[in-house]
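This report is meant for a reader who is meeting the structure for the first time. Please look through the sequence and the model before reading on.

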Amino acid sequence: MEPRCCQQWRPVVLLLVFVSVACCVSDNYQHLEGHQVLVVEVGSSGAVKHLLQEGLLDVLDHSGPSRTVRVSPQTVQEVKTALREAGISYSVLIHDLAAYLREKDTTRAPRRNRAEVCVSSSCPAPLIDSYMTFQQIEWYLTHLASHPRVEVTSIGKSVEGRDLWLVHIKPPECKGDGSLSAFLRRLKAARESKRRRAVWLEAGIHGREWIAPAVALQLIHNIVQDCSAGRALDIYVVPVANPDGYVYSWTNDRMWRKNRRQIPGSDCDGVDLNRNWDFQFGVGASHNPCSEVYQGAHAFSEPETQALSNAMLQVNRTGKLMLVLVLHSYGQLLMYPFGHTTDSAPNTPAMQRLGDIFAKSAKESHGTVYDVANSAAGLYYASGATDDWAKGELKTKFAYTLELRDKKTFFLSPDQILPTSEEVWNGMKMVFVALTPERGI
């Protein structure tokens with residue numbers, strides 16, 4: 001029973017929480033005043049690749065033959081001239097990104113007819129009506145750590161000293177199943193526990209892609225709650241791989257992608273953590289700190305990628321890491337390695353088959369189509385990413401980048417959290433089934 005004094009103060013506490021969230025996002029559009037979003041009919045990608053590497057534009061999606069790109073007011077005329085000279089047509093989708101975002105206000109959806117509570121003393125489930133601040137995510141993980149199947153540990157610190165949280169969800173032991181077959185399964189699982197199959201899910205390596213951590217948190221909640229999901233699998237989830245970038249996208253710049261590394265001798269900050277991994281380092285990335293795909297001073301120069309790779313190495317030593325899936329947005333595309341070449345990676349047919357299983361099951365939820373394709377088949381080559389490193393260095397059989405909803409806009413409203421999570425969950429359940437040893441995929 002909660003003390004009467006606390007009951008009296010609860011509405012005030014909740015109000016303060018909501019006010020603090022509003023304050024966090026009230027000024028994160030200011031840096032985007034005058035920025036334009038263009039729809040570019042790519043055709044030949046050479047000019048777009050050059051402009052990206054030089055820090056003159058920012059590619060937002062992987063949604064098809066045309067691409068949406070963000071351009072600052074300082075470079076917009078130079079970019080448009082370069083596109084025209086390259087014979088690439090474009091149209092202006094958004095004339096002032098700050099004004100557009102202030103009008104849309106994609107922080108939270110209208111409240112549903114039910115209570116969602118996430119405060120330090122009570123955060124039993126991730127929110128589905130609102131994107132969660134990093135503080136709220138930590139509150140939820142603190143609550144989650146009390147579950148008997150779950151271990152929550154910090155695997156390292158970010159540039160600014162925030163924790164990189166890893167959630168380990170152990171295989172379930174379903175109550176009420178006392179059959180001989182269930183006993184034999186448990187006995188077999190105990191014998192194989194030292195080399196049990198493992199799954200690694202990562203989200204939020206790009207700060208601005210809020211839907212990725214939101215879906216990762218929903219996946220964690222569903223896996224823990226569903227006794228039948230993930231049988232015989234150790235599941236590891238990093239819901240926010242770039243906490244500094246995520247926080248900065250709430251407080252200062254809604255479109256912040258990189259980490260918060262201060263670059264000596266440069267007016268620009270941040271390293272693209274998804275170009276910093278030590279596999280084919282530098283392909284499709286940039287040496288220019290002002291580029292959104294700046295690779296860093298050297299491979300694994302950043303504490304975030306060091307911590308993530310060390311944790312993945314440890315998982316692979318103690319278990320058999322079968323699947324690495326990295327959540328991004330947007331474009332509704334499940335991409336498999338490699339990003340630096342269109343040549344086939346090992347086990348490409350198997351990756352295509354498992355990808356098709358995911359896409360078919362995900363579509364059954366809301367009719368959303370996820371295409372399955374090679375990473376390098378799109379706009380430009382890109383390596384130094386988590387999935388390529390997992391495939392190239394760890395020899396992980398299945399490795400993917402999943403670009404989430406949708407195909408129209410990067411700025412996914414909070415009412416899309418639940419349907420996006422539902423379709424990804426339905427796809428992942430069938431993937432988990434396919435990864436069990438008896439399926440032999």
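The coordinates come from a predicted model, and the structure holds 15 salt bridges.

| Salt bridge | N to O distance |
|---|---|
| Arg208 and Asp58 | 2.5 Å |
| Glu292 and Arg70 | 3.2 Å |
| Glu302 and Arg261 | 3.0 Å |

Arg208 forms a salt bridge with Asp58, the closest N and O atoms being 2.5 Å apart. Because Arg208 sits in the loop between strand E7 (197-203) and helix H7 (211-225), while Asp58 belongs to strand E2 (residues 58-59), this pair ties together parts that are 150 residues apart in sequence. Arg208 is buried, its relative accessible area being 1%, and Asp58 is likewise buried, with a value of 3%.

A salt bridge also joins Glu292 to Arg70. This pair links distant parts of the chain, since Glu292 lies in the loop between helix H8 (243-251) and helix H9 (303-318) and Arg70 in strand E3 (residues 66-71), 222 residues apart. Arg70 is buried at a relative accessible area of 8%, and Glu292, at 16% relative accessibility, counts as buried because the cut-off for that class is under 20%.

How are Asp58, Arg70, Arg208 and Glu292 linked? These four residues are joined in a network of salt bridges.

**A salt bridge within one loop**

The side chains of Glu302 and Arg261 meet in a salt bridge as well. Glu302 and Arg261 both lie in the loop between H8 and H9, so the pair ties together parts that are 41 residues apart in sequence. Glu302 counts as buried, at 2% relative accessibility, whereas Arg261 is partly exposed, with a relative accessible area of 27%.

**The buried face of helix H2**

Helix H2 covers residues 46-53, and its residues Ala47, Val48, Leu51 and Leu52 are buried. Seen down the axis of H2, the buried residues fall within an arc of 135°, and therefore they line one face of the helix. Which elements do the buried residues of H2 pack against? They pack against strand E1 (36-41), against E2 and against helix H3 (76-85). E2 is also the strand in which Asp58, the partner of Arg208, is found. After H2 comes Gly55, whose phi is positive, near 80°.

Notes: Residues are numbered from 1 along each chain as its sequence is written. This is a predicted model: local features need pLDDT of at least 70, side-chain atom pairs count only at pLDDT 80 or more; totals for chains, interfaces and linings use all residues. Side-chain values use heavy atoms; hydrogens and water are left out. Helices (H or I, at least four residues) and strands (E, at least two) are DSSP runs, numbered from the N terminus. Buried means under 20% relative accessible area, exposed over 50%, partly exposed in between (1.4 Å probe, protein chains only). The arc is that of the directions from the helix axis to the C-beta atoms. Contact means heavy atoms within 4.5 Å.
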